[in-house]
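Welcome! Please take a moment to look over the sequence and the fold, and then we can walk through some of the details together.

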Amino acid sequence: NEERAVREVLAELCAVMKDSDVPYELIVVDDGSTDETASRIRETGEAALVSHPENRGYGAALKSGIRRATGEEVLIVDADGSYPVAELPGLLAARGDCDMVVGVRQGRLSRREPLRRLGRWILKTLANYLLGTKIPDINSGMRWFRRSAALEYFNLLPENFSFTTTLTLAMLSDGRSVKYVPIQYQRRVGRSKIRPVRDLYLFLMLIVRTVVYFNPLKVFLPMGLCFLGLGTGVLVWRVLFRSNIGQFELLCLLMGVQVGFMGLLADLFVRHIKGLGGR
């Protein structure tokens with residue numbers, strides 16, 4: 001439902017891409033809008049329109065657009081006016097031989113809404129730890145990537161807002177080259193569909209699940225060590241000061257061993273699958 005902004009965004013996109021002298025096709029996915037979004041798109045006559053009869057989600061819309069695309073290079077951007085279309089040539093200039101270029105949101109608007117800022121910080125901190133690398137913007141909706149690379153992860157990419165987050169995690173976990181370019185985030189037209197509390201929980205589960213898929217030891221090994229450390233500490237304290245052994249510390253030690261072995265088995269399985277040529 002972006003009838004208020006989509007026509008202006010499309011006009012700016014066409015102007016920017018024509019000036020760039022890069023061959024392009026423009027695809028707009030209408031994900032079951034109930035307003036005049038589709039009519040606004042048809043009025044421009046500049047874009048191929050892909051329509052979903054009902055709302056299926058942000059990720060589902062992007063998947064439909066990527067499937068429809070005929071080129072190897074894909075640029076995605078929201079239709080709400082929040083991303084600076086004029087800065088798309090900067091992403092193209094940075095692509096080189098990498099697999100993805102992400103527009104890193106900056107400016108005053110990117111720092112508004114404290115609850116969403118806190119959620120973004122939690123997501124980035126967890127992702128940075130699990131992946132062992134710094135991710136300036138994990139879920140930016142303005143990015144360039146190679147279509148063939150994205151298609152390899154289609155079975156992992158969800159059909160909701162987590163699409164861009166999963167794509168970032170998957171490419172970094174697989175050792176692909178990702179670059180980051182600063183962009184000035186703008187005030188969107190209309191109302192946001194993000195629900196911070198619910199979506200934060202979903203994003204956290206997504207990060208853990210994606211990292212487990214590619215590098216399970218990053219999740220299971222720290223958990224196992226925590227249980228082993230807690231069990232050992234309580235056991236030593238009980239023996240020294242209580243002269244007995246309780247069930248709690250034994251349970252912690254047992255859980256630590258089980259979680260550690262689970263991580264080892266998962267890691268062996270992942271390495272075996274990759275050795276067979278899968279991802």
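## Strand 4 and its partners

In this predicted model, strand 4 (residues 100-106) runs parallel to strand 6 (residues 178-184), and seven bridges join the two. Among these pairings, Gly103 has Val181 as its bridge partner in strand 6.

Strand 4 also pairs with strand 5 (residues 143-146), this time antiparallel and through three bridges. Here Met100 stands opposite Phe145. Strand 4 is mostly covered, with six of its seven residues buried.

## Salt bridges

There are 11 salt bridges in the structure. One of them joins the side chains of Arg176 and Asp99, at 3.6 Å from N to O. Arg176 sits in the loop between helix 7 (163-173) and strand 6, and Asp99 in the loop between helix 4 (88-94) and strand 4, so this pair ties together parts that are 77 residues apart in sequence. Both Arg176 and Asp99 are buried.

Another salt bridge links Glu249 and Arg238, at 3.1 Å from N to O. Glu249 belongs to helix 10 (residues 247-275) and Arg238 to helix 9. Glu249 is buried, at 0% relative accessibility, whereas Arg238 is partly exposed at 22%.

## A nonpolar patch on the surface

Which residues form a nonpolar patch on the surface? They are Val236, Trp237, Leu240 and Phe241, which together have about 450 Å² of accessible area. Leu240 lies in helix 9 (residues 217-241) and is exposed, with a relative accessible area of 59%.

How values were computed. Residues are numbered from 1 along each chain as its sequence is written. This is a predicted model: local features need pLDDT of at least 70, side-chain atom pairs count only at pLDDT 80 or more; totals for chains, interfaces and linings use all residues. Side-chain values use heavy atoms; hydrogens and water are left out. Patches are made of residues with over 30% relative accessible area and no salt bridge: like charges are joined within 9 Å, nonpolar side chains (Val, Leu, Ile, Met, Phe, Trp, Tyr) within 5 Å. Accessible areas come from the Shrake-Rupley method with a 1.4 Å probe; for residues, only the protein chains shown count as cover. A salt bridge is a side-chain nitrogen of Lys or Arg within 4 Å of a carboxyl oxygen of Asp or Glu. Helices (H or I, at least four residues) and strands (E, at least two) are DSSP runs, numbered from the N terminus. Buried means under 20% relative accessible area, exposed over 50%, partly exposed in between (1.4 Å probe, protein chains only). Two strands pair if DSSP finds at least two bridges between them.
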